[in-house]
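Please find below a note on the structure under review. The comments are set out as numbered points.

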Amino acid sequence: MVDGEETFMTATDAAGRCDDGELSQAFLHDIRGRLLRLRDEVVRLVDVVGAVGTVESTWSNGELALAEIDRALERIAAGTYGRCSGCAAAIAAERLEMMPATERCLECRHVQETRSSSH
Ligand SMILES: [Zn+2]
């Protein structure tokens with residue numbers, strides 16, 4: 001039986017979240033697949049050039065990218081994916097689609113960046 005995958009794909013809704021505000025299983029399934037592919041890509045790039053500045057501008061190096069992707073995969077497994085690690089607010093599904101490995105909402109990201117650049 002291989003039609004389980006099919007069901008996941010067709011059940012994807014545009015917003016990515018169910019009525020209760022939780023991320024839908026289809027959305028998480030999709031994000032997980034993208035993270036795994038992204039991880040493969042990063043591993044390959046690290047092997048070749050030792051840096052992945054081109055993959056995602058917010059990542060300064062490959063190891064950082066891998067750590068972030070791994071943490072995202074762990075959060076999916078734990079059921080905490082999509083919650084900001086800073087303030088626990090729900091991260092917008094659109095933002096997760098653009099940056100699947102992100103673990104902070106825009107606001108917390110901004111605070112973090114302001115802090116690290118003022119140093
Ligand atoms: Zn936050």
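The points below treat the model's confidence, its elements, its core and selected residues.

1. Basis of the model. This is a predicted model, in which local features need pLDDT of at least 70 and side-chain atom pairs count only at pLDDT 80 or more, while totals for chains, interfaces and linings use all residues. Residues are numbered from 1 along each chain as its sequence is written.

2. Confidence. The average pLDDT of the chain is 79, and 71% of the residues score at least 70; pLDDT is the predictor's confidence in each residue, from 0 to 100. The pLDDT is below 50 over residues 4-13, a stretch that has seven contacts in the model beyond near neighbours in sequence. Two residues are in contact if their C-beta atoms, placed from the backbone, lie within 7 Å.

3. Elements. The chain contains five helices and zero strands, where helices (H or I, at least four residues) and strands (E, at least two) are DSSP runs numbered from the N terminus. Of the contacts with a separation of 6 or more, 39% join residues 24 or more positions apart.

4. Burial and core. Buried residues make up 18% of the 119 residues in the chain. A residue is buried if 20 or more other C-beta atoms lie within 10 Å of its own, exposed if 12 or fewer, and partly exposed in between, with C-beta atoms placed from the backbone. The largest nonpolar core has 14 residues, and Leu28 and Ile69 have the most contacts inside it. The elements that give two or more residues to this core are α2 (25-49) and α3, and α2 gives the most, with five residues. Such a core is a set of buried Ala, Val, Leu, Ile, Met, Phe, Trp, Tyr and Cys residues joined through C-beta atoms within 7 Å. In soluble globular proteins, nonpolar side chains tend to be buried together.

5. Contacts of two leucines. Not counting residues up to four places away in sequence, Leu28 touches Leu23, Ile76 and Tyr81. Leu38, found in helix α2, counts as buried because it has 20 C-beta neighbours inside 10 Å. Leaving aside neighbours within four places in sequence, Leu38 is in contact with Ile69 and Pro100. The C-alpha atoms of Leu38 and Leu66 are separated by 9.1 Å, although these residues are 28 apart along the chain.

6. Helix α3. Which residues of α3 are buried? They are Gly62, Ala65, Glu68, Ile69 and Ala72. These residues lie on the same side of α3, because they cover an arc of only 130 degrees around the axis, the arc being that of the directions from the helix axis to the C-beta atoms. Glu74, Ala77 and Ala78 are exposed on the other side of α3. Just after α3, Gly79 takes a positive phi of about 85 degrees.

7. Two loop residues. Ala88, in the loop between α3 (62-78) and α4 (93-98), has a positive phi of about 65 degrees although it is not a glycine. Ala88 is exposed, because 10 other C-beta atoms lie within 10 Å. Cys105, in the loop between α4 and α5 (106-118), counts as buried, with 20 C-beta neighbours inside 10 Å. Not counting residues up to four places away in sequence, Cys105 touches Cys84, Cys87, Ala89 and Ile91.
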